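Here is a short report for a reader new to this structure. Look at the sequence and the model first, then read on.

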Amino acid sequence: MSVSGNLGSVSYMQDEGWFKIGRLHVTTTVGVVLLGALGMLAAVIVSGLPSALWYAPDFLLMAQVWRVFTWPLADTVSFWSVLNLVFLWLFGRDLEAGIGRSRMAWLFVGIWLSITVSTSVVGTLLPGVGAAGLQLVEFAVLLIWIAESPRRQFMFGIPAWVFGSVLLGLQVLQLIGFRAWPTLISLLLSLALAAVAARAVGLLSAYPWIPGGRDAKAPRAPRPAKAAKPAKAHAHAPRAERRHVSDEDRIDQLLDKINAEGIHSLTKGERAELEKLRQRRR
């Protein structure tokens with residue numbers, strides 16, 4: 001799959017990561033992908049491990065509470081599971097480049113909670129619903145990415161919103177064809193709750209009808225008025241302080257442009273400027 005704008009070019013915006021493994025900066029997205037890969041590897045070593053990790057509400061009645069937290073790791077090695085990890089890394093790191101590693105961590109927590117809650121509610125009322133693996137997590141991240149940049153193009157010039165609509169439509173039609181009504185309801189509820197979680201971390205600001213949280217471009221609260229200082233003291237204010245305010249304003253301008261038009265809208269000079277400002281702020 002090819003996505004115009006070259007997602008690989010966003011690395012200049014990413015934080016260095018929570019820690020390093022060799023030369024690999026482990027960001028939030030990379031950490032989730034690594035956990036998914038470890039889960040698949042563990043399933044190869046320990047036979048039947050996924051069956052001990054996946055989640056359904058009935059397991060809570062048997063006091064198997066750990067399944068609430070382990071279901072994202074309940075996966076086996078296959079072409080599609082590996083492809084899901086690749087897509088999760090590709091689109092997740094693009095979102096993380098815009099909101100930072102901390103908010104991305106909260107987004108993943110929100111998606112996990114959304115799927116867990118929808119599985120618990122729907123599975124209690126309509127048996128036959130369960131959660132296993134990162135497939136639905138990846139799907140939620142992909143749809144959030146598309147909602148953030150609906151006009152970016154995939155291969156053959158297909159707009160992202162068309163691609164996402166087709167994927168979601170096929171998923172819904174497939175579940176309708178199998179008459180898997182509980183799974184369909186759980187899927188739609190999970191995606192709706194994931195949208196609220198994305199809104200809470202500053203994404204999807206173009207959709208004000210989605211409830212929840214702060215906007216990445218929300219205006220800052222006015223600062224309390226300070227007592228006037230003598231003109232001489234103001235003239236000798238530290239240059240570093242004045243420059244810091246200017247740096248923050250310029251970073252906000254560049255991030256606003258990214259939120260409005262996508263990361264690919266930055267020129268080469270603006271990318272270098274943003275990286276320089278981020279390093280200086282650290």
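The lining of the second largest pocket has 15 nonpolar, 11 polar and one charged residues. The model is predicted.

**The pocket**

The volume of this second largest pocket is about 590 Å³. Its lining is made of 27 residues. Q135, L136, F139, Q171 and L187 lie nearest the centre. Five helices each supply at least two lining residues: helix 5 (79-99), helix 6 (101-125), helix 7, helix 8 and helix 9 (181-200). Which helix gives the most to the lining? Helix 8 does, with six residues.

**The nonpolar cores**

In general, nonpolar side chains tend to be buried together in soluble globular proteins. Here the largest nonpolar core has 45 residues. Within this core, F91, L95, L107, I111, I144 and L203 touch the most other members. Helix 1 (28-45), helix 5, helix 6, helix 7, helix 8 and helix 9 each give two or more residues to this core. Helix 7 gives the most, with nine residues. Another core lies apart from the largest one. This other core has six residues, among them I251, L254, L274 and L277.

Take L95 as a case from the largest core. Neighbours within four places in sequence are set aside here. L95 is then in contact with M104, L107, V141, I144, W145, E148 and L203.

| Residue | Loop | Relative accessible area |
|---|---|---|
| R152 | between helix 7 (135-148) and helix 8 (160-177) | 6% |
| A63 | between helix 3 (58-61) and helix 4 (67-70) | 56% |
| R179 | between helix 8 and helix 9 | 54% |

Is R152 buried or exposed? R152 counts as buried because its relative accessible area is 6%, under the 20% cut-off. The side chain of R152 also makes a polar contact of 3.2 Å with the side chain of D94.

A63 is exposed because its relative accessibility of 56% is over 50%. R179 is exposed too, with a relative accessible area of 54%.

Most residues other than glycine have a negative phi. What is the phi of A63? The phi of A63 is near 65°, a positive value in a residue other than glycine. R179 is not a glycine either, and its phi is positive, at about 55°.

Definitions and conventions. Residues numbered from 1 in each chain as written. Predicted model: local features only at pLDDT ≥ 70, side-chain atom pairs only at ≥ 80, totals over all residues. Heavy atoms only, no water. Helix = DSSP H or I, 4+ residues; strand = E, 2+ residues; numbered from the N terminus. Buried < 20%, exposed > 50% of the residue type's maximum accessible area, 1.4 Å probe, protein only. Polar contact = N/O pair within 3.5 Å; in protein donor to acceptor, adjacent residues only side chain to side chain. 1 Å grid on protein atoms, 1.4 Å probe; cavity = no way out; pocket = protein on both sides within 12 Å on 5 of 7 lines; lining within 4 Å. Points joined across faces, edges and corners; volume = space filled by probe spheres on them. Nonpolar A, V, L, I, M, F, W, Y, C, P; charged D, E, K, R; others polar. Core = buried A, V, L, I, M, F, W, Y, C linked by side-chain atoms within 4.5 Å. Contact = heavy atoms within 4.5 Å.
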